[in-house]
Amino acid sequence: MKTILITGGAGFIGSAVIRHLIKESDYSIINVDKLTYAGNLDSLQGIETNPQYHFEQIDICDAEGLGSVFERYQPDVVMHLAAESHVDRSIDGPATFIQTNIIGTYTLLEAARAYWEQLSPEKKNQFRFHHISTDEVYGDLGETDALFTEETPYAPSSPYSASKASSDHLVRSWFRTYGLPTMVTNCSNNYGPYQFPEKLIPLMILNALEGKPLPIYGKGDQVRDWLYVEDHARALCLVAVQGVPGKTYNIGGNNEKKNIEVVHSICDLLEENAPDKPSGVSHYVDLIRFVQDRPGHDIRYAIDASRIRDELGWVPEETFETGLRKTVEWYLNNLSWCQRVQDGSYQRERLGVNK
Ligand code: NAD
């Protein structure tokens with residue numbers, strides 16, 4: 001039985017990884033999360049009392065706290081998801097992105113290295129450090145350019161993607177310099193249940209249900225390659241256990257869509273599933289408003305995921321159509337989760353947790 005230390009397990013993707021591992025494995029899971037505004041223990045309801053699961057409210061910049069977690073739990077694998085993850089917030093205030101994404105990753109690498117160096121040769125060989133990153137590190141693709149491969153040079157555009165790029169470089173150098181068995185994955189835009197409603201898809205669903213404007217940057221012609229979060233979680237667990245140290249794996253859904261197409265699809269699904277509209281709204285699409293574009297906005301991201309498919313046998317199970325339908329239905333059926341995020345009660349109640 002393995003022990004997996006997951007950072008950022010109260011976030012959108014981290015909680016999907018934990019739900020997946022609890023369902024599919026007997027692994028012991030240690031969730032290390034600072035619980036920033038993006039950390040929501042409501043997303044792990046029902047799991048918190050599972051004996052496989054342990055929670056530690058720790059900042060990944062806290063070297064001492066991390067050292068104690070490694071010593072107490074003796075993990076076989078680290079899956080590092082904790083990050084500041086929202087591009088707009090990185091433009092408004094880059095400091096926390098530098099702190100958590102760069103200094104935090106460095107601090108975690110050093111805690112992992114100190115622990116790893118004193119393991120027996122056999123355990124040292126088996127240990128894995130898996131760093132979870134984004135395709136935004138590759139920068140902008142022209143409309144006709146080939147897809148991002150693992151060899152595409154880095155050219156990040158935002159403080160968020162630059163901080164993630166820095167962390168990727170640190171992780172690779174800890175492999176090359178110290179031999180720490182690390183892997184990096186770079187994934188395209190995720191969507192699905194439990195995503196914080198500042199991101200495009202949940203924001204549009206919830207605004208539409210309240211009859212609020214649906215703000216779209218520029219003309220909405222930015223292209224993103226969308227992946228359903230549970231497909232990402234499966235890919236991550238595969239890489240964490242079967243990935244080859246020193247390697248990078250790109251993960252993507254082969255679902256290139258313009259933002260405006262995504263919002264139109266959401267409106268269509270809401271017409272079908274939530275026909276009782278707020279007063280004054282005849283059609284959800286009428287709520288679309290084009291707003292001034294984000295500075296430095298990349299026009300297109302698209303991933304070539306053939307390495308993880310060919311070498312580890314991973315393929316996504318959801319198409320964009322099936323995944324988006326599931327997502328819209330999930331939000332409609334879980335409005336109380338959304339309500340607690342929107343009114344802040346998910347944050348107020350957690351302040352006493354474990355500390
Ligand atoms: P998220 O913002 O939903 O969750 C981040 C989690 O990290 C939260 O639980 C938060 O409390 C925790 N955290 C933040 N700072 C911390 C700190 N200093 N110490 C400990 N915990 C801290 O993010 P997400 O969307 O789940 O993304 C997870 C990872 O996947 C990130 O590294 C992100 O860069 C990467 N990624 C995200 C996407 C996407 O579309 N969301 C795509 C590709 C890669």
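## Sheet, helix packing and ligand shell

Seven strands make up an open sheet with parallel pairing, in the order E3-E2-E1-E4-E5-E6-E11, where two strands count as paired if DSSP finds at least two bridges between them. Strand E3 (53-56) and strand E11 (248-251) lie at the edges with a single partner strand each, so one side of each has no neighbour in the sheet. From one strand to the next, the twist averages 20°.

This is a predicted model, in which local features need pLDDT of at least 70 and side-chain atom pairs count only at pLDDT 80 or more, while totals for chains, interfaces and linings use all residues. Residues are numbered from 1 along each chain as its sequence is written. Helices (H or I, at least four residues) and strands (E, at least two) are DSSP runs numbered from the N terminus.

### Within and against the sheet

Strand E1 (residues 3-7) and strand E4 (residues 77-80) run parallel and are joined by four bridges, and Ile4 stands opposite Val77 in E4. Helix H6 (residues 159-178) packs on the sheet, where it touches E5 and strand E6 (182-187), and the direction of H6 makes about 155° with that of E5. Contact here requires that the C-beta atoms of two residues, placed from the backbone, lie within 7 Å; axes are lines fitted to C-alpha atoms, for helices over the stretch in contact, and angles run from 0 to 180 degrees between N-to-C directions.

### Helix pairs

Two packed helices are described by the angle between their axes and the distance between the axes.

| Helix pair | Angle | Axis distance |
|---|---|---|
| H7 (residues 200-209) and H11 (residues 320-333) | roughly 50° | within 11 Å |
| H1 and H8 (residues 229-242) | about 65° | 9 Å |
| H9 (residues 259-273) and H11 | roughly 55° | within 10 Å |

Angles under 35 degrees count as roughly parallel, over 145 as roughly antiparallel, 65 to 115 as roughly perpendicular and the rest as oblique. H7 and H11 are therefore oblique to each other, and H7 passes H11 in a right-handed crossing, a term for the near helix being turned clockwise from the far one by less than a right angle, with anticlockwise giving left-handed. In this contact, Ile201, Pro202, Ile205 and Leu206 of H7 meet Thr327, Val328 and Tyr331 of H11. Six of the residues in the contact of H7 with H11 are nonpolar, one is polar and none is charged, where Ala, Val, Leu, Ile, Met, Phe, Trp, Tyr, Cys and Pro count as nonpolar, Asp, Glu, Lys and Arg as charged, and the others, Gly among them, as polar.

H9 and H11 cross in a right-handed sense. Ser265, Ile266, Leu269, Leu270 and Asn273 in H9 meet a set in H11 made up of Leu324, Arg325, Val328, Glu329 and Leu332, and this contact divides into six nonpolar, two polar and two charged residues.

H1 passes H8 in a right-handed crossing. From H1, the residues Phe12, Ile13, Ala16, Val17, His20 and Leu21 meet Val229, Glu230, His232, Ala233, Arg234, Leu236 and Cys237 in H8, and the contact comprises nine nonpolar, two polar and two charged residues.

### Around the ligand

Of the 31 residues around the ligand, those that come nearest are Gly8, Gly11, Ala38, Gly39 and Ala83; a residue is near the ligand if its C-beta atom, placed from the backbone, lies within 6 Å of it. Helix H1 (12-24), helix H4 (95-117) and strand E5 (128-134) each contribute at least two residues to this shell, which by class holds 13 nonpolar, 13 polar and five charged residues.
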